[in-house]
Amino acid sequence: MVLTTTIPDCDEQLNSTFASRYVRTPVPKYKMPANPIPKEAAYQIINDELMLDGTPRLNLASFVTTWMEPECEKLMMASMNKNYVDMDEYPVTTELQNRCVNMIARLFNAPVGETDTAVGVGTVGSSEAIMLAGLAFKRKWQSKRKLEGKPYDKPNIVTGANVQVCWEKFARYFEVELKEVKLSEGYYVMDPVKAVEMVDENTICVAAILGSTLNGEFENVKLLNELLTEKNKETGWDTPIHVDAASGGFVAPFIYPNLEWDFRLPLVKSINASGHKYGLVYPGVGWVVWRTKEDLPDDLVFHINYLGSDQPTFTLNFSKGSSQIIAQYYQFVRLGFEGYKNVMENCLENARALKEGIEKTGLFNIVSKDEGVPLVAFSLKDSSKYDVFEISGSLRRFGWIVPAYTMPPDAQHIAVLRVVIREDFSRALAERLISDIVKVMKEMETHPIRVSTKTAHVTATVDETQDGEDGGKKNIKKSARETPEEIATYWRQLAARKKTGVC
Amino acid sequence: MVLSKTFSKSDDSIHSTFASRYVRTSLPRFKMPENSIPKEAAFQIINDELMLDGNPRLNLASFVTTWMEPECDKLIMASVNKNYVDMDEYPVTTELQNRCVNMIAHLFNAPLGEAEAAVGVGTVGSSEAIMLAGLAFKRKWQNKMKAEGKPYDKPNIVTGANVQVCWEKFARYFEVELKEVKLREDYLVMDPVKAVEMVDENTICVAAILGSTLNGEFEDVKLLNDLLIEKNKQTGWDTPIHVDAASGGFIAPFLYPELEWDFRLPLVKSINVSGHKYGLVYAGIGWVIWRSKEDLPEELIFHINYLGTDQPTFTLNFSKGSSQVIAQYYQLIRLGFEGYKNVMENCRENMLVLKAGLEKTGRFNIVSKDNGVPLVAFSLKNNSCHDEFEVSDYLRRFGWIVPAYTMPPDAQNVTVLRVVIREDFSRTLAERLVIDIQKVLHELDTLPAKITAKIALNGENADKNVTVVTKKSAIETQREITTVWKKFVMEKKKMNGVC
């Protein structure tokens with residue numbers, strides 16, 4: 001007689017997560033696992049691995065919002081399963097998007113009547129927004145050229161070398177030439193005079209940035225508008241302007257209401273803004289607004305007819321979550337004009353406090369301007385003993401993520417550290433950051449041996465790899481000089497290739 | 001002496017939300033409000049207005065996932081403030097995306113060595129995925145034509161008329177001509193024979209759909225592959241295939257593993273799939289996988305160097321949330337192959353139950369196939385009295401959202417109702433739906449006004465007395481109604497958009 005024992009599986013269920021067998025096996029990486037695992041184990045395993053990600057709120061590189069009120073998070077979670085594009089099934093969500101577009105259009109002084117509907121759309125971010133705006137310009141320009149019987153195969157766009165990478169993407173993917181106005185030391189944004197000089201008959205638009213990624217500066221859109229109006233009078237080309245207000249769009253109207261940069265300038269035909277930057281929403285929402293219906297060619301717009309109502313759509317993405325749109329509306333209604341103004345003023349105050357603290361060390365030049373997006377960009381007065389990349393590396397030890405970048409051409413020799421002041425960067429954090437920077441600088445200053453130890457360390461490696469070649473001593477001497485040079489060159493090359501991707 | 005009264009502001013903060021003054025004013029619609037309001041009021045007001053949206057789980061029009069486990073919800077909420085594109089700041093999240101790409105590539109039998117990294121990327125949805133794949137094909141084709149000294153200004157793409165609107169978007173935005181293979185009443189997907197006939201030297205690729213939006217059918221990719229290989233041999237054009245597996249990509253490997261539709265076919269160079277459909281993740285994630293590095297032109301890739309590591313990126317969107325990528329990874333390891341298989345088998349079972357229930361009413365033709373995406377597309381056997389749009393309308397009153405569509409050319413006179421079976425559409429719900437459909441049919445049958453009009457219609461040729469006038473109005477109005485409906489239906493762009 002054979003006694004069979006079946007081992008009940010329920011033992012597994014009784015084990016707490018860290019006592020179960022699921023934490024003993026390696027996590028599947030490249031192939032789907034064959035069997036399922038309990039949801040608690042799946043949650044814990046993933047959660048634990050994610051602990052090694054950076055802390056979003058200490059990420060001072062990013063403009064993108066990292067904190068929202070719990071009430072808003074509740075709304076977001078509740079709408080996580082709503083597919084935003086189902087306009088007919090979720091009419092309220094669609095309506096909320098339309099309200100946001102209208103509010104933003106009016107914030108930017110679009111010439112719409114009291115009850116007119118503004119022309120604009122919610123996107124996943126400024127990248128999509130810029131691509132849509134660029135597409136509109138390209139199509140308008142092509143139609144115009146076709147009418148005039150002129151060639152339309154070589155469109156170009158004029159912008160500063162400080163543009164964010166999405167403009168380069170737009171240019172490459174949509175086959176438009178990117179004509180960049182080079183920067184110069186001390187002038188880190190697009191020079192309107194040079195930009196207008198570069199405009200030719202193939203230029204579909206000139207793109208100005210309100211809030212340069214590198215140092216937060218606002219470009220002089222008013223001057224650009226005036227110079228371009230002049231040129232248009234002479235040439236008859238009718239070249240329009242697009243304002244990339246990804247960061248600045250939700251700063252300027254509240255802090256600098258008299259600054260003319262938006263639709264108040266007649267040549268500005270479209271504006272994009274990132275809801276997830278100073279729009280104070282979590283990543284995943286941007287906005288693009290056109291001046292009027294005429295500025296958005298109808299053949300780019302798809303018309304959806306769901307049981308009667310005509311819904312025009314013009315987006316690259318289709319299905320996506322509704323959470324961020326609802327969150328943006330929440331912020332508009334919750335904060336109102338006054339609330340946004342208060343938040344932005346706080347950010348500016350904290351930026352000022354940080355700037356003063358950094359200036360007090362006496363070791364830095366402040367590269368950012370007071371007027372602009374609330375951030376502090378600073379470079380070393382003397383980078384002979386150590387550079388900003390090392391400072392950035394050292395700050396990581398304290399938990400801060402402060403990026404270091406080199407400027408684009410022709411200012412590549414300037415390297416800066418940049419701290420973005422977001423809504424949730426309070427005065428207390430600013431003071432802590434200052435004291436940590438002071439600590440790091442003390443370390444840098446009082447440990448010049450750092451350079452030689454580095455050399456020694458690298459020398460060892462060099463020796464290892466150069467086994468059996470020229471005499472040992474000769475190698476070491478050469479290495480002492482060569483290796484720091486190699487390090488410096490390596491870093492410089494790395495920095496030169498660096499896209500200013502973090503925005 | 002003037003007595004002034006100051007209202008104490010503290011009253012406001014003690015008031016419960018519905019007792020405060022904030023629910024007395026109308027919500028701003030077109031202009032940002034001047035002042036702030038308390039967060040509780042903001043939450044409540046918006047939450048209440050959103051109650052009037054449809055219930056996502058009863059939305060039977062959509063393929064997009066509407067339910068996930070609470071553990072996953074926790075992970076999603078925790079990562080909602082992580083900007084996915086910060087690869088250096090969030091290396092684990094980036095790693096999770098790479099793992100997903102590799103798992104999906106292996107699922108699709110990409111020809112990868114043991115330690116080779118797959119070529120692919122996470123996107124916001126299949127629209128972005130398709131645009132990236134299309135861009136790759138366009139650039140490859142342009143380079144080839146340039147090298148051969150031929151004109152490269154008129155690229156086209158061959159696909160069925162049943163394509164989802166994102167292909168039309170791709171064509172219009174990226175200036176590629178869309179050559180559509182027309183459907184037939186009895187053949188509602190792309191015919192591979194006709195497709196291959198339409199291929200010319202300007203064709204950048206042929207796009208086949210695994211899981212047509214309209215009736216869930218899988219197109220015959222294997223046949224397409226075989227025919228196209230033949231043609232390529234003759235012409236030397238080397239035309240490749242892209243498989244739009246938005247719906248089918250997470251079904252076929254589990255339910256129909258023998259079906260050859262993926263990288264097992266040599267001409268298939270890229271595949272896209274929606275993580276937010278049968279990938280079982282909330283809206284906002286798609287995947288595109290290329291066969292090998294050669295199929296993705298290097299010049300389209302941007303290299304970002306963050307403190308040392310080279311990260312190649314090729315996406316249209318930049319900043320976006322990390323939640324859905326993490327949720328996709330959760331599902332892949334939580335369920336594993338077996339788990340996904342079980343879910344898909346359940347969907348198929350429930351689909352068969354619903355189909356059987358509908359057939360039993362005797363009033364419907366089933367247009368969808370058994371093999372394909374688990375959905376039931378059905379049309380009325382007799383739609384002279386009432387059509388599918390009315391059935392759809394009436395079902396709304398029970399809370400169900402069941403869309404009605406007409407087929408694209410050349411099958412425009414076929415109208416269907418479509419119910420998509422998702423993971424969270426249980427047997428109980430299926431049985432309830434059948435009951436409610438029967439109720440709707442019963443109601444429609446008893447509608448007197450329409451029936452009388454119909455009778456009047458039949459007798460119109462006879463009389464010329466006064467009664468004719470009343471009868472005529474009935475006929476005229478009926479005709480007008482039908483014309484209006486026809487117009488709607490005709491003007492309806494293929495917004496088989498709900499997907």
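**View 1. A:Asp238, an exposed loop residue.** A:Asp238 has a relative accessible area of 59%, so it counts as exposed (over 50%; buried is under 20%, and partly exposed lies in between, with a 1.4 Å probe and protein chains only). Look for A:Asp238 in the loop between α8 (221–235) and β5 (241–244) of chain A. Helices here are DSSP runs of H or I with at least four residues, strands are runs of E with at least two, and both are numbered from the N terminus. Phi of A:Asp238 is near 65 degrees, a positive value in a residue other than glycine. Keep in mind that this is a predicted model: local features need pLDDT of at least 70, side-chain atom pairs count only at pLDDT 80 or more, and totals for chains, interfaces and linings use all residues. Residues are numbered from 1 along each chain as its sequence is written, chains are lettered from A and ligands numbered from 1 in the order in which they are written, and side-chain values use heavy atoms, leaving out hydrogens and water.

**View 2. A:Leu280, a loop residue.** Is A:Leu280 buried or exposed? With 2% relative accessibility, A:Leu280 is buried. A:Leu280 sits in the loop between β6 (268–274) and β7 (286–290) of chain A, and its phi is near 65 degrees, a positive value in a residue other than glycine.

**View 3. The largest nonpolar core.** A nonpolar core is a set of buried Ala, Val, Leu, Ile, Met, Phe, Trp, Tyr and Cys residues joined through side-chain atoms within 4.5 Å. The largest one has 117 residues, and those with the most contacts inside it include A:Trp261, A:Phe364 and A:Ile391. Helix α10 (residues 323–360) of chain A gives the most to this core, 16 residues. Zoom in on A:Ile391: leaving aside residues up to four places away in sequence, its contacts (heavy atoms within 4.5 Å) include A:Phe364, A:Leu417 and A:Met444.

**View 4. Where chain B meets chain A.** Here 117 residues of chain B are in contact with 117 residues of chain A. The area buried between the two chains is about 11100 Å², with carbon and sulfur atoms giving 61%; buried area is the accessible area (1.4 Å probe) that two parts lose on being put together, summed over both. On the chain B side, B:Met32, B:Tyr173 and B:Phe302 lose the most area to chain A.

**View 5. A salt bridge across the interface.** A:Glu89 pairs with B:Arg396 in a salt bridge, the closest N and O atoms being 3.7 Å apart. The term needs a side-chain nitrogen of Lys or Arg within 4 Å of a carboxyl oxygen of Asp or Glu. Between chain B and chain A there are 14 salt bridges.
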